[in-house]
Amino acid sequence: MTYQSTLLRLLDERGYIHQLTDAGALDALAAKQVVPGYIGFDATAPSLHVGSLVQIMMLRRLQQAGHKPIVVMGGGTTKVGDPSGKDESRKMLTSADIAANIASIRTVFEKLLVFGDGPTDAVMVDNDEWLSKLGYVELLRDVGPHFTINRMLTFDSVKLRLDREQPLTFLEFNYMILQAYDFRELASRVSCRLQMGGSDQWGNIVNGIELARRMDGTEVFGLTTPLLTTADGAKMGKTAAGAVWLNEDALPAYDFWQYWRNADDRDVGRFLRLFTDLPLDEVVRLEALEGSEINAAKIALANAVTTLVRGEQVALAAQGTAQATFAGGGMGESLPVLDCPGGSIGIIDALVGLGFAASRGEAKRLIAGGGARIDGEAAGDDGQVIELAGAERRISAGKKKHGILRPA
């Protein structure tokens with residue numbers, strides 16, 4: 001389909017569109033007026049990870065196209081827990097934990113969106129503001145008749161849990177009702193006309209569209225992105241060492257930069273479109289590079305994403321660290337550091353402590369396979385004790401993970 005609106009052309013050109021309700025009507029609406037659109041984020045941790053970055057970038061594209069982003073923090077829905085893609089219930093958080101998480105998460109959005117009171121300025125709202133005020137009987141009476149158990153059981157978020165014979169609490173079963181109510185409430189409060197999200201949220205989004213139509217006669221729209229995985233099939237934002245967090249205090253800048261620098265060759269073009277503001281003609285040029293030249297595209301990707309999320313100076317420092325580490329064999333300032341009381345540490349403890357191995361067993365296998373090095377030299381055995389003698393030592397796991405052991 002050839003889109004007329006700047007919004008849908010931009011989203012289409014950069015690869016964000018997977019499913020879209022009534023594309024023609026949304027395209028016409030976006031071509032003639034400002035469309036407020038939202039994405040919801042639950043506050044289960046102090047930081048979102050890279051898996052959420054495509055959603056944040058969609059809100060950025062919405063604003064770039066002249067429309068209004070609404071960031072909905074799930075202060076209310078976090079108390080329930082989204083069962084989508086989960087095999088077990090989430091840990092219950094206190095209201096104070098959730099509030100602290102929201103405050104921490106906001107700092108990333110402030111780097112990527114322009115907040116304010118203008119017609120296209122972003123706003124952040126907390127769905128606890130209206131969900132916690134809902135009376136249970138009121139919810140059953142006003143909202144309950146618009147949902148059938150038959151249909152709710154067909155949604156993947158429910159069906160997959162039941163197929164795996166994993167328990168699904170009544171609390172979680174209500175999540176889709178609350179998310180649908182969010183869309184209806186936002187349409188009423190702030191004239192929100194669009195909900196966006198990942199492909200796993202399609203059923204929840206459609207529920208909200210139908211609820212707004214049935215309760216208020218409001219026409220609203222939904223748009224989802226493709227399921228985002230890396231070329232090797234791994235889930236976006238997950239590594240052997242753990243999640244790739246967006247907040248600086250959750251993941252060192254060098255590790256964040258290096259995640260993008262280590263992207264699979266096959267992912268570079270797609271990631272440049274989704275996660276950077278580089279012009280499309282530059283993206284086409286970079287993704288066409290072959291052989292060792294593709295590394296220039298990966299560095300451009302790492303610099304562009306890190307600049308957006310962490311800042312330009314942070315990106316430049318991370319690149320400088322990489323150059324010092326790989327080219328000169330030195331110790332860049334941004335490498336992860338592990339303090340070693342007593343001036344020595346066992347190699348297994350060092351690998352696990354820096355996050356280069358998820359367990360002692362994994363560290364042993366890394367050493368046995370020759371993948372662990374101290375100052376560029378292969379480690380001896382898994383019983384080796386690294387003596388620092390008052391000086392920093394460099395430890396490496398494979399070719400791409402490097403850290404500093406520092407006497408303390």
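Start with helix H4: select residues 95-112 in this predicted model. H4 lies across strand E2 (36-41), strand E3 (68-73) and E4. Compare directions while you're there: H4 runs at about 160 degrees to E4.

Now bring up the strands. There are 6 of them in an open sheet, and reading across you get E1-E6-E5-E2-E3-E4, with mixed pairing. Look at the two edges next: strand E1 (19-20) and strand E4 (123-126) each pair on one side only.

**Into E6**

Select residues 221-225 to pick out strand E6. Who are its partners? On one hand, E1 pairs with E6 in the antiparallel sense over 2 bridges; on the other, E5 and E6 run parallel and are joined by 5 bridges. To see individual pairs, click Leu 20, which stands opposite Leu 223 in E6. Then click Gly 198, whose bridge partner in E6 is Thr 225.

Next, colour E6 by accessibility: are its residues buried or exposed? 5 of its 5 residues are buried. Side chains in a regular strand alternate between the two faces of the sheet, so it's worth checking each side in turn. On one side of E6 sit Phe 221, Leu 223 and Thr 225, and on the other Gly 222 and Thr 224; both faces are covered.

**Out to the surface**

Switch to a surface view and select Tyr 136, Leu 140 and Phe 170. These three form a nonpolar patch, with about 360 Å² of accessible area together. Zoom in on Leu 140, which belongs to helix H6 (residues 136-142). How exposed is Leu 140? Leu 140 counts as partly exposed because its relative accessible area is 47%, which falls between the 20% and 50% cut-offs.

**Last stop: Glu 290**

Glu 290 has a relative accessible area of 63%, so it counts as exposed, the cut-off being over 50%.

Methods: Residues are numbered from 1 along each chain as its sequence is written. This is a predicted model: local features need pLDDT of at least 70, side-chain atom pairs count only at pLDDT 80 or more; totals for chains, interfaces and linings use all residues. Side-chain values use heavy atoms; hydrogens and water are left out. Patches are made of residues with over 30% relative accessible area and no salt bridge: like charges are joined within 9 Å, nonpolar side chains (Val, Leu, Ile, Met, Phe, Trp, Tyr) within 5 Å. Accessible areas come from the Shrake-Rupley method with a 1.4 Å probe; for residues, only the protein chains shown count as cover. A salt bridge is a side-chain nitrogen of Lys or Arg within 4 Å of a carboxyl oxygen of Asp or Glu. Helices (H or I, at least four residues) and strands (E, at least two) are DSSP runs, numbered from the N terminus. Buried means under 20% relative accessible area, exposed over 50%, partly exposed in between (1.4 Å probe, protein chains only). Two strands pair if DSSP finds at least two bridges between them. Contact means heavy atoms within 4.5 Å. Axes are lines fitted to C-alpha atoms, for helices over the stretch in contact, and angles run from 0 to 180 degrees between N-to-C directions.
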